[in-house]
Every structure is written in C-alpha cells, then in structure tokens.
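Thanks for sending this one over.

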Amino acid sequence: MSHSISRRTLLRAAIGGGVAAPLLAGCGALTPASSRPGALSVHTQLSGAVAGAKVFADAVAAYERRTGRPVALLKNGSDLPIVFETSSLAGAEADVALVNLQGRTLSWTGLGATIPLTGLLDEWGLRDKIIPEALAEWTDADGNLRAFPFTRTNWPVSYNTRLLEQAGAQIPTTSDELIAVADALRSKGIGPVTVGGSDWSGQKMFLQVIQGFLTADEAKRVFGSGKLSESPAAVAGVEHFVELRDAGVFVDDVQGYTSDSELTQFNTGKAAIVPAMSSALAKVPAERAREVVVGGWPKPSRGGVLAHPSVIRSFNGHGIWISRGGADKLDLIKPFVQHLYSDEVIDSMILGSGRDMSRITDTVSEDFPLVAQASRLTDQQVSPVMLPDLVIPQSAFEPMIQATAAAYGPIPAERIIEVFERAYATV
C-alpha cells in the first residue's frame, strides 16, 4: 500500500464516510486552478467580510505583478477545513492553506494532509521573524511545526465609558463589581454584557469565566477531557458563571445572540460591555471607539486563581500550511511565503485591517485604536488565559458549542456540567 493511499485512508476516517461522499461527488469545483507552470493555489479563510481579507488579496495581487507568477485563491469560511480535507482525498487540494489551528486542523500534519515545516524555518529565514511563543503554540507533541503562524488572537473586553458614566459606574475589575455595574446599567435601561450566547463567542465567554478558577495546566486537562465534574475548580467555575448569569450580568435573551449581533448591539450603544477578539474590534466605528476602554474580564471576587482581570490570548489565528501536494512546489511557495512575512505585507495587514500578527513588529495602527489598546495590555494589567480551541477534541468541538449555549438559559450548574460532558461522549 502506498503512503498516498494510507494518508487518504486516515483522512477518510477522520472526515467520516457520510460526509466525504457527498462532498467528493462535487469535487471538480474544488480542483485548484494551478496547473499552469509557475502557478500556486492558496486556500484561504481571509475572504469576504473577514478583517484583512482585502489587504491579503491585494498582497497576493502585488506578488503576482512583481513576479509574474499566478496565484489562484480558493476561498472558504468556517467550512474550509472540511473542504480542504475533502479535496485532499480527491488529490485536488490547494498547495497552501491559510486557516486557524483548532478542531480538525490539529491533526492535519499527523495525518499527512500537510507537511511539517520545522526544517524550513531557518532555510527560508523566518525563525527570527516570528514570535517564539507563536512557534511553540503551532508545534505539535512530536516537535513538528504544523504551519507558519501568521495572524494571532487577542480577546479582551471592551467597556463603553460613556454608558458606564450614565449609570454612575466605573470599569469593574472583580465579579462583585461587575454585578453592581450590571444593576446600575439596567436601572438606566442599558444592556450590560452582550455576547453571542448561541455560538462560539458565547462558548469562549463561558470557558473564560471557568478559567478564573483553573490553573493553566488544569485548564488543559479539563478542556481536553471534558470532565468538568472531576475538577472541583471547574465545578466552582460553572457555579460562578451561573451566579453571574442569574444576577443579570448578560443582556436579556442572550441565548439568541451571535457574534455578529453582539457587536451590532455594542456598536449601536445598546450594551456597555462586550468580550470580542481584536479582529472584531477593528470593525467598531470611530465614534464608538472614542468612548471605549479595553481591558479584561473581571476576576472572581472569591476563590479564583487570577491576579488580574483576564484576557484570552493565543497565536492560533491563521497559519500558512503547506499541503502534501504543495511539497512538490517548495521552490514556488518559498518566495510567496517570504513575501507574506515582508515588512510591506505585515505593515499593511496591521495598518489596513487592524489584524494582530505573529510576525515580530513594532507597527501599531492608529486607525484601529481598540486593537492598539488591546495589544498594549501588560501582564500587570491583565492575566492571560488559554484559548481552549487548542485542546478541545475535534469530535467535541461543535457539540460543545451547543452545550455552552444551553448554559445561558435557566438551567442549574449540575445540568450544565452534564450537557457539557455529554458533548465529549464520542471522543
């Protein structure tokens, strides 16, 4: 049996035959337009209305003009991982993929869908350009660099000071203060914390609250296994979430909100507080941004482990992966990747889209003040907590979002834990 067949067998098992079959039936549309000599195909999540999509497309176009080498862009959103896997099964995958490190993509290098890049760091002159912590986060347990870290994640909490002042309140730093602020805001008809209770943004908020009681190592164990009930600290975190929820910290009907609607509510001044990643903060209009101070999620007033309000920080934004098929085009991929890490492109991503980048740089955008504020937060101001996406098993990822959505409804902590653990049943 050839290595290619073995790889496809593993990928087919990872995807699941019921999913792979219908997608493979239409795989002609997935075939990258890179059969011409000197051409590359790039499968990217930086597309549509995503922050940085236009800047990235312009950078690719500039590369084409300068080198005369065509680059075919295949664009997908959250469905990119499964589309990439399906096209890989058909032998029609793109040469390069720009996608997050989470869920399905965690296993790509181990399955052979993409190649390890450790040896290319020095050969291509990239090691000294990329933040060391980013390289560490993208390196798997076997020491293989899965992809070149490109964008990164900074997930602070934004406070509208004008609305807080209307309620006679200040930015809270503890949970007791947060509950008092929520009461004050509600007395003035202002929504307190808005979050997408029905999607991944609400999931991140739920898990961030729990991390107020977990050490970093325990957080990895709990979110990797899903066994909340076996960790007294995790149980305390769930109970704390219920305390905040029942105290009215979150806006009314929060279960119906999404990441888009939370930002709309904040941008229109209907809610005073929003936990949102920096790429979303880049979309806050200038008149609203002038009223906003960026900080962290208030630490637990009792029993917590954090020294300061928390922010989620991770380097798991978009990475530059090289597919197994792309391994035959390293001479073409090398100058393209080096172009993406050039000062010109990195500066344009920061200045033109407000993206946080994994490239070492001093560039900060004045046009995206909230992103700049978030990037300046120090460990003396906030306590970083992990992005659980890096340890949540692939099979539990979507079910767990449904489970955390239930937590925003009127159910007790015991029921939340039960539903949460059930999401890991197939792991």
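1. How many bridges join strand β6 to β9, and do they run parallel or antiparallel? There are four bridges between β6 (residues 157-160) and β9, and the two strands run antiparallel. One of the contacts to look for is Y159, whose bridge partner in β9 is V293. Strands here are DSSP runs of E with at least two residues, helices are runs of H or I with at least four, and both are numbered from the N terminus. Two strands pair if DSSP finds at least two bridges between them.

2. Before going further, please keep in mind that this is a predicted model, where local features need pLDDT of at least 70, side-chain atom pairs count only at pLDDT 80 or more, and totals for chains, interfaces and linings use all residues. Residues are numbered from 1 along each chain as its sequence is written, and side-chain values use heavy atoms, with hydrogens and water left out.

3. The pair above belongs to an open, mixed sheet of four strands in the order β7-β8-β6-β9. Because β7 (191-193) and β9 (292-295) each have a single partner strand, one side of each is left without a neighbour in the sheet. Neighbouring strands are turned by 20° against each other on average, direction ignored. (Axes are lines fitted to C-alpha atoms, for helices over the stretch in contact, and angles run from 0 to 180 degrees between N-to-C directions.)

4. A second open sheet, also with mixed pairing, has three strands in the order β5-β10-β12. Its edge strands, β5 (153-155) and β12 (383-385), each pair on one side only. Neighbouring strands in this sheet are turned by 30° on average, direction ignored. Helix α10 packs on the sheet and touches β5, β10 and β12, with its direction at about 120° to that of β10; contact means heavy atoms within 4.5 Å.

5. Within β10 (residues 310-314), look at the side facing β12: three bridges join these strands, which run parallel. I312 stands opposite V385 in β12.

6. Leaving aside residues up to four places away in sequence, G202 touches V195, G196, G197 and Y408. The C-alpha atoms of G202 and Q255 are separated by 8.6 Å, although the two are 53 residues apart along the chain.
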